[in-house]
Amino acid sequence: MKILFFGLPIVSGNYTHFCYLREGIKNAQFTMMTLGEINTNIHYDPDFIQLGKGMDRNKQQKELVTLLLAYIEENKIDIVIPMNSPLVVSAIPFMPESVQVIQIVNSNTERVYQYILSHFNYVSKFICISPQQKKAVLSKSNLIVSRLEIVPHGVVLNEIISEESNSKTLVIGYLGRLNEGQKKISVILEVLKRIEFPFHFELIGDGVDGDAFIEALKKNKISFTNFGALPNAEINNLVLKWDIMIFPSVVEGFGLTLIETMNCGVVPIANLLPGITDYIITNDHDGFIVKENNINSYLKILNNLYNNPKRLMELKHNARDTVITRFNLTEICYRYQQIFNDVLLFKKPVALPFKDWHIYKEYKPSLLNRFVNKLK
């Protein structure tokens, strides 16, 4: 079974998900692809193809789509997973009828919902990774209800978890992109500035706001270690030393780093994203949910955990148990395997002639919506 998955081999939930599926599903050949020239530093990946390298994705869109359709046919691709690529979305109705399309809803934004519902008649399956996404998708179209289901992310289970330390210093971590707009990393800074007990902060990730965040940590004389962006294989050994992870994100499709750290016995304290973070975390059992990124709430939870190490250890074990019972990658890959097998039987409409192809029109929020989003 040949599966074409669109994205880039960079530190991101999208790439991690690709790697997990590739490793966990043995009877499938996964290829990650992007179209046209890219301006991002990428990691080496033997299964990554940059099709149309050197071509401008804004000026040579039709040529790139032509290359894509030729590649799909010549390589006898069975399944295409667009992952919000506008060029791939524009090509969906023109793909051979033998090729099935699976839309994985990887975020909770209007832009993503516009992507996945485009040409929905030609899509074999819609996979949401959280209940919030399913709710949002069905509110826009109930015509796809029979082709839509929830399959959360999963992780490879660790054999060990972090254990109680004799140290009086709490280790607080953050794993993810350093982006203020979606990840709200300034909240982490405000929390760390006001902690009064001994702690050390560890950071894994990079992003557009990383330099400013690091400078702010230094300016405020916060004890920290910055590991930067790391391959997945190197992350676990570091995370095993953590006690807590702060997760202040305001836009997520799932929150893969939550289960990655919980898998190591780390207690998450996360901003409330209904149907997303509270889908993963059971408050006061395996982690904590904070409403509207309230700084005082973060501080109260942290103080309580610092002063009650036995309770902290109990939560660590509960976090790990949650991953075992609900987010075991073996079970998640089994569900994907079933979906891949099922969609091969899906009867698509007849492919459209390529003369009817047109550029995908990107969703752009109105000025009012942009203003409201900025205030949020």
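This is a predicted model: local features need pLDDT of at least 70, side-chain atom pairs count only at pLDDT 80 or more; totals for chains, interfaces and linings use all residues.
A crossing of two helices is called right-handed if the near helix is turned clockwise from the far one by less than a right angle, and left-handed if anticlockwise.

Entry 1, helix pair. I looked up how H7 passes H12, and found the crossing to be right-handed. Helix H7, residues 185-194, packs with helix H12, residues 295-307, at an angle of about 50°, and their axes lie 10 Å apart. That angle makes H7 oblique to H12. On the H7 side I listed Val187, Glu190, Val191 and Arg194 as making the contact, and on the H12 side Ile295, Asn296, Tyr298, Leu299 and Leu302. Sorted by class, the contact of H7 with H12 has 6 nonpolar, 1 polar and 2 charged residues.

Entry 2, open sheet. I then traced a sheet of 7 strands, which is open, is paired in parallel and runs in the order E3-E2-E1-E4-E5-E6-E7. At its edges I noted strand E3 (48-51) and strand E7 (148-150), each of which pairs on one side only.

Which residues cover the two faces of strand E11 (residues 244-247)? I found Ile244 and Ile246 on one side and Met245 and Phe247 on the other, all of them buried. Strand E8 (residues 170-175) runs parallel to E11 and is joined to E11 by 2 bridges, with Ile172 having Ile244 as its bridge partner in E11. E11 also pairs in the parallel sense with strand E12 (residues 267-271), over 4 bridges, and here Phe247 stands opposite Ala270 of E12.

Is Thr261 buried or exposed? Its relative accessibility is 1%, and since buried means under 20%, I count Thr261 as buried. I placed Thr261 in helix H10, residues 256-262. Leaving aside residues up to four places away in sequence, Thr261 touches Leu175, Val239, Trp242, Met245 and Val266. I also noted that Gly173 is 88 residues from Thr261 along the chain, yet their C-alpha atoms are separated by 9.3 Å.

Key
Residues are numbered from 1 along each chain as its sequence is written. Side-chain values use heavy atoms; hydrogens and water are left out. Axes are lines fitted to C-alpha atoms, for helices over the stretch in contact, and angles run from 0 to 180 degrees between N-to-C directions. Angles under 35 degrees count as roughly parallel, over 145 as roughly antiparallel, 65 to 115 as roughly perpendicular and the rest as oblique. Contact means heavy atoms within 4.5 Å. Ala, Val, Leu, Ile, Met, Phe, Trp, Tyr, Cys and Pro count as nonpolar, Asp, Glu, Lys and Arg as charged, and the others, Gly among them, as polar. Two strands pair if DSSP finds at least two bridges between them. Buried means under 20% relative accessible area, exposed over 50%, partly exposed in between (1.4 Å probe, protein chains only).
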